[in-house]
Each structure stands twice: as structure tokens, then as C-alpha cells.
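Subject: Structure handover

Dear colleague,

Here is the structure for your files.

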Amino acid sequence: QVQLVESGGGLVQPGGSLRLSCAASGRIFSIETGGWYRQVPGKQRELVATLTGSSLIRYADSVKGRFTISRDNAKNTFYLQMTGLKPEDTAVYYCNLVVVSGPGGPNNYWGQGTQVTVSS
């Protein structure tokens, strides 16, 4: 089994920065893809950024140039550096990892979510 622990959310003023972390632990052979998603009440969860094992990166248009996704393979941790935050970035942010734990193939895991609030 694999556990994900998110951290780094909080309250920040418009224009500010935050860095989210998603640390994976447990039975991990490799992490194929990591991603960040966000959700606000009454709306569907939306993709923010993804990073594959071959370093392909995808960003939502709304965060391009402001957010950066990265990973530390030695720590099995993914990050989302957020700068130039706007009120519309307010949401619960979830990390999602596709993890290979053994011969049974990859499995999909979600973090518990961390609240990001951008307000003056």
C-alpha cells in the first residue's frame, strides 16, 4: 500500500507564493506520473499540472507561467511551486500519483487535499 501526505497549503495574499508538497511512502518501486489537481465547491476537479517519468510536463492554461511542477525522486516527493497567486486559484489542491509497487502494474493514488486560499 502507498500513502500520500500533502502539505504547504494556506492563506496567502494575491500575488503571493506557496509551495505544495506531496510525499509518498510505502511500497514504491517507481512513480510513473505525478500530478496536481484542484477543486472548488460545486465544480469538477480540474487538472493543474502533471509530470511524467520521462519529464513531460503539462499545465492548465490558467496557471502557465505562474506554477511549476517538479519532483525529487530520492524522496518520492512531488512539488507544486505557485507564484503570482490570484483569488481564482483558491481551491483544495490534490496530488495524484501513478505508482508501480510490484508486478501487478501501476495503481492510482490521491492525497488528502490541502486548502489554498488567496485573499487580501
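The notes below cover the disulfide and then one asparagine, N96.

This is a predicted model, in which local features need pLDDT of at least 70 and side-chain atom pairs count only at pLDDT 80 or more, while totals for chains, interfaces and linings use all residues. Residues are numbered from 1 along each chain as its sequence is written, and side-chain values use heavy atoms, with hydrogens and water left out.

Disulfide. The structure holds 1 disulfide (a pair of cysteine sulfur atoms within 2.5 Å). C22 and C95 form it, with their sulfur atoms 2.1 Å apart. C22 is in strand β3 (residues 18-26) and C95 in strand β9 (residues 91-100), so the bond ties together parts that are 73 residues apart in sequence. Strands are DSSP runs of E, at least two residues, numbered from the N terminus. The torsion about the S-S bond is about 55°, so the disulfide is right-handed. Both cysteines, C22 and C95, are buried (under 20% relative accessible area, 1.4 Å probe, protein chains only).

N96. This residue also lies in strand β9. N96 is buried, with a relative accessible area of 7%. Its side chain makes a polar contact of 2.8 Å with the side chain of N108 (a pair of N or O atoms within 3.5 Å; within protein, one must be able to donate a hydrogen and the other to accept it, and residues adjacent in sequence count only if both atoms are side-chain atoms). A polar atom of the N96 side chain also lies 3.3 Å from the backbone oxygen of Y109. Leaving aside residues up to four places away in sequence, N96 touches T33, G34, G35, Y37, N108, Y109 and W110 (heavy atoms within 4.5 Å).

Regards

How values were computed: Helices (H or I, at least four residues) and strands (E, at least two) are DSSP runs, numbered from the N terminus. Buried means under 20% relative accessible area, exposed over 50%, partly exposed in between (1.4 Å probe, protein chains only).
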